[in-house]
Amino acid sequence: HTSTKPAATMQPAIGASVRAFSSGAGSAATIAEVKMEPEKDAPEDPRPRVDPKLPKLDPISATLNVMPVADGKMAMTLIEDGFQYLLAGARCNVALRAGRYFFEASITEKLEVPESHSQRGGRNQLTKPTLRVGLTTIGSPDTLSKWPLLTERSGTGLYFDTDGYFSEGNSAPKLVGNKVSRNQTIGVLVNLDATSDSANTVSLFVDGTRISDAMPIPEGLLGKPLFPAITFRSATVFVNFGPTPRAPLPFACRMVAEAAEEDLLLPAESDQKSGRIVLPIGLPGTGYFDYVDHFMATHPEFVELSDRKIFEWVELSGLQRGRNKSTTASMDKPDPKFGVPTIDECGLRKVLTMIAPTVARNYLIAELTANLLPESRAKFLRSFPASKFQRTSLVMLGAPSSDFLTPLEAKLLERKRRKGAAHKSSKKEEPPRPAAAENAATNEGSTEAKEAAAAGGEEGGEAGGAGGEAATAAATAAATTATPDVKEEEQEQQSKTTENKDEKGGEGDAPKEEVVLEDTDWKDFFQNRELPDISDRVLSKHYASFTLPSVSDGFDDVSYVWEDEDAGTSLFKEWILERKLTQRVDDLVPGAWFQDKSRAWSTLVEDFKAIQSKWNSDPPAKESSSAVVTDDIDVFAVEDIKDIGNKEPLFARFDEEDWILLETRYELHLLLHAVRKDLNDPDRPRFPEKHLQFYYDKYFRKVFDIKYFNVAKFEEFQELIKDVLAIDPATTLLSSLCDEETPLDRFVKATEQDRRDRQQRADAGDETAKLRLIRPPSSHGQGRPIHGSRGGRGGGFARSGGSQDQQRGGVAAYRGNKPRSGPPPQSQYRSSRGGPPPSRGGGGGGGPPAPRPADRGRGPVGSWASVGGRSSGYSGQPSSGDKRPYRGSYSGGGSGGGPPKSQRIGMSGGGSYGGGG
């Protein structure tokens with residue numbers, strides 16, 4: 001490995017070979033000729049040398065997609081399921097601290113990844129085989145927890161890559177050579193010899209030939225242990241630390257495996273026989289991820305396994321996230337939006353969870369939601385067996401410890417100071433109010449000042465207005481005349497203030513206002529952030545299943561790092577109970593009890609309305625001798641509400657408002673009991689008023705809004721049905737005043753009594769007794785469309801449904817499915833005309849776009865219900881003599897479908913998404 005030729009006789013040949021390499025045919029760029037070789041042969045070194053077998057790639061510090069083989073001399077990487085985009089990094093297990101040494105690397109195999117749909121738009125460039133060879137500080141005691149990747153502007157290393165670039169520190173990459181092909185050997189010479197003319201430099205060699213001048217090592221890296229490292233993608237890489245080089249240099253130079261021991265940082269001996277996993281347990285909004293960062297800073301030997309760390313790795317590899325942020329994103333589950341399905345669907349985490357247990361490292365599994373769920377913890381413990389890992393859980397509950405809060409105090413103080421400064425700045429930017437005019441206006445003896453102040457208030461509000469300025473000046477003059485003593489005192493005080501500022505050196509030298517932290521500041525710091533710890537949707541779905549870990553679960557140790565176990569357990573139970581009273585359950589499904597009661601009620605109401613209609617249309621003859629004064633009857637004493645005398649029903653005089661109130665009474669009563677039954681949780685007997693609309697929609701498939709009852713506040717609505725519904729003013733929790741088995745006629749009686757009370761008030765002249773209610777529309781397509789989008793135009797005159805341009809209602813806008821029921825009546829459709837028979841109108845707009853293609857001319861085919869999915873448009877305008885109900889001389893388009901989740905068809909001209917032409 002040591003050349004036998006003197007360096008002086010080899011230098012001309014070196015220059016010639018460099019020129020030939022740089023000006024070869026097909027090169028993308030011409031590189032300037034390298035200077036004469038500055039290096040000299042290495043002198044003899046009698047110091048003890050390192051074991052030649054010791055330097056190798058360190059599997060413990062490598063990224064999780066690296067597979068070291070051949071005793072640490074080769075490294076492979078994964079290339080499927082999104083890993084083809086990730087950079088792989090590995091470093092040597094020893095670091096250079098002094099001396100001049102050399103190591104090599106080369107691509108032995110290119111793993112070509114076929115371009116897929118997800119790689120379009122230039123992403124295929126991020127999967128091509130590449131290799132970076134250089135030095136990194138990652139691996140020293142203060143940087144172990146970071147990914148050992150050689151990346152641009154990282155400040156943690158430097159490298160040469162196979163595209164001919166050199167990157168160091170925080171500067172942009174610099175072109176120093178031509179591209180390096182497969183099987184060419186890249187050599188990196190590291191000169192840390194203080195006695196050398198080229199001290200603190202690195203040089204690039206290809207196949208033993210110098211390609212670059214000696215490049216200076218950045219000051220930020222000097223004095224630190226420098227680990228030889230590689231970063232690669234889509235390739236198998238061979239690394240040679242010596243003692244024999246593959247491509248000898250033109251001068252004598254030792255390789256890393258021949259280095260003197262005192263020039264190296266050797267791996268520390270560890271008595272750790274197995275890996276460790278730590279599961280931190282905490283509650284959202286209490287500083288969970290701040291504690292994770294604190295733990296990683298104080299335990300750099302650990303590797304964090306979490307979605308946020310994986311996505312950080314993806315970004316370091318060159319992929320960029322979309323700018324639009326999702327409403328469901330959180331610190332626990334960040335929104336990826338990299339445009340790669342396997343990455344966006346968290347496929348990387350699934351594979352890494354299987355790979356990680358194969359290497360006995362130290363892992364911190366920072367999954368906030370998963371660590372609180374017993375089934376997820378059990379899955380982690382099964383993946384990391386006790387035979388290979390020591391398994392620990394750290395529980396953070398209660399008041400944080402001082403060692404955790406102290407590093408955050410400076411950050412919080414600065415944040416509070418900035419907020420205070422911003423608040424003061426915003427107040428300064430407000431247009432000044434004419435203070436003198438206000439004082440004059442309030443002075444009893446100055447009528448002129450009052451008029452001036454009024455003028456200033458009306459006109460001075462316009463910025464730059466001449467009238468406002470004149471009014472302000474007049475007000476000031478009036479104030480001076482009316483209250484000279486006050487004015488003189490103000491001027492004297494202003495003069496003193498100016499003198500004090502001059503003595504202290506102006507406002508810029510004034511001492512900063514002291515900022516004191518309070519408990520509310522810490523709460524705001526942990527809870528009010530750009531991203532929550534857990535999204536509301538995930539929290540409402542899982543919080544009831546949260547539990548604390550125990551040794552019986554399979555952990556070797558469970559430690560409470562803030563409060564002790566008793567206090568922490570008590571706080572945890574209080575937190576769960578509070579959430580049960582305030583969080584809604586998104587995946588709640590109406591049970592059989594509700595379904596049976598709801599069907600029975602619907603049937604009964606229809607029966608009542610039929611009886612009322614029959615009574616009003618054909619009342620029986622009434623004999624004066626047996627006439628019954630129904631208004632004098634005690635409604636709650638009636639035994640048969642269908643016949644209170646002379647076959648008159650108790651509800652005979654119900655109008656639309658009374659029926660609405662009756663249905664609302666029973667539906668809310670039924671809803672409150674049904675939710676309690678379906679939750680089947682003694683800790684959740686009620687729910688708050690803010691969740692009423694959500695549960696009402698989920699159970700009855702109808703919109704609930706108090707505006708339909710012509711009231712502004714919920715308390716006013718509750719007054720309309722106070723005999724059924726109660727609300728706790730402190731917690732806003734709702735409850736039914738009736739037992740779940742209350743007879744149904746009781747609600748009819750209450751409604752009739754309420755009607756009589758209103759009638760008496762109206763007869764007495766009380767206009768507020770009259771109700772102006774609106775029947776709430778369905779939220780799922782029944783009734784008129786609610787804020788629906790406009791349907792497309794109808795089909796043209798072609799037999800298969802019109803031209804593409806005239807068929808937007810059926811093809812371009814939304815994609816729907818065939819309806820689940822028959823078409824609605826003809827009279828409800830007056831669509832834009834299509835072509836003459838047998839042409840078909842365009843289909844109506846259905847739900848949102850679906851992945852399945854549309855059937856041209858026959859309405860869209862997709863995943864959501866839409867009447868417009870019919871092959872023919874409904875109704876249209878039939879010609880005279882053509883009585884066919886759904887296809888006349890001009891065939892119109894179908895109606896629109898319901899909202900995305902309903903799979904119901906619109907019943908009156910289209911659902912939420914409007915009708916087609």
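Predicted model: local features only at pLDDT ≥ 70, side-chain atom pairs only at ≥ 80, totals over all residues.
Which residue just after helix 17 takes a positive phi? That residue is N680, with a phi of about 50°. The protein holds 20 helices and 25 strands, and 45% of its 917 residues count as buried.

**Overall picture**

- The accessible surface of the protein is about 46,600 Å², and carbon and sulfur atoms account for 50% of that area.
- Taking contacts between residues at least 6 apart in sequence, 73% of them join residues at least 24 apart.

- Five strands make an open sheet in the order 18-19-17-20-21, and their pairing is parallel.
- At the edges sit strand 18 (303-305) and strand 21 (557-560), each of which pairs on one side only.
- On average, neighbouring strands of this sheet are turned by 25° against each other, direction ignored.
- Within the sheet, strand 17 (residues 275-282) and strand 20 (residues 389-396) are joined in the parallel sense by eight bridges.
- If you want a place to look on this pair, I281 stands opposite V395 in strand 20.
- Helix 7 (residues 374-383) packs on the sheet, where it touches strand 17, strand 19 and strand 20; the direction of helix 7 makes about 170° with that of strand 17.

- Helix 2 (residues 288-298) lies across strand 17, strand 18, strand 19 (362-365) and strand 20, and runs at about 155° to strand 17.
- Because eight of its 11 residues are buried, helix 2 is largely enclosed by the rest of the structure.
- The buried residues of helix 2 are Y288, F289, D290, Y291, V292, H294, F295 and M296.
- Nonpolar side chains tend to be buried together in soluble globular proteins.
- Here the largest nonpolar core has 69 residues, and F295, L319, I343, Y363, F384, F546 and F572 are those with the most contacts inside it.
- Helix 2 gives the most to this core, with six residues.
- Apart from its neighbours within four places in sequence, I343 is in contact with G82, Y85, F311, V314, L319, P336, F338 and L348.

**A second core, and helix 17**

- A second, separate core has 49 residues, including I644, L661, L671 and L725.
- Helix 17 (residues 656-679) has 24 residues and reaches 34 Å from its first C-alpha to its last, close to the 34 Å expected at 1.5 Å a residue.
- Helix 17 is mostly covered, with 20 of its 24 residues buried.
- The positive phi of N680, about 50°, comes just after this helix.

**The antiparallel sheet and a hairpin**

- Strands of a sheet pair through backbone hydrogen bonds, in either a parallel or an antiparallel way.
- Strand 7 (residues 157-161) and strand 8 (residues 165-168) are antiparallel partners over three bridges, and L158 has E168 in strand 8 as its bridge partner.
- Strand 1 (residues 66-69) and strand 2 (residues 74-77) also run antiparallel, joined by four bridges.
- These two strands, strand 1 and strand 2, form a hairpin with four residues between them, and V69 has M74 in strand 2 as its bridge partner.
- In the turn of the hairpin, A70 has a positive phi of about 55°.

**Two loop residues to look at**

- T185 lies in the loop between strand 9 (174-175) and strand 10 (186-192).
- With a relative accessible area of 8%, T185 falls under the 20% cut-off and therefore counts as buried.
- Not counting residues up to four places away in sequence, T185 touches E104, A105, S106, F205, V206, D207, R246 and A247.
- K53 is found in the loop between helix 1 (7-22) and strand 1.
- The relative accessible area of K53 is 69%, over the 50% cut-off, so K53 counts as exposed.
- Although K53 and D71 are 18 residues apart along the chain, their C-alpha atoms are separated by 9.4 Å.

Terms used: Residues numbered from 1 in each chain as written. Heavy atoms only, no water. Buried < 20%, exposed > 50% of the residue type's maximum accessible area, 1.4 Å probe, protein only. Contact = heavy atoms within 4.5 Å. Areas by Shrake-Rupley, 256 points an atom, 1.4 Å probe, with all protein chains shown as cover. Expected span 1.5 Å × (residues − 1). Pairing = 2+ DSSP bridges. Axes fitted to C-alpha atoms, helices over the stretch in contact; angles between N-to-C directions. Core = buried A, V, L, I, M, F, W, Y, C linked by side-chain atoms within 4.5 Å.
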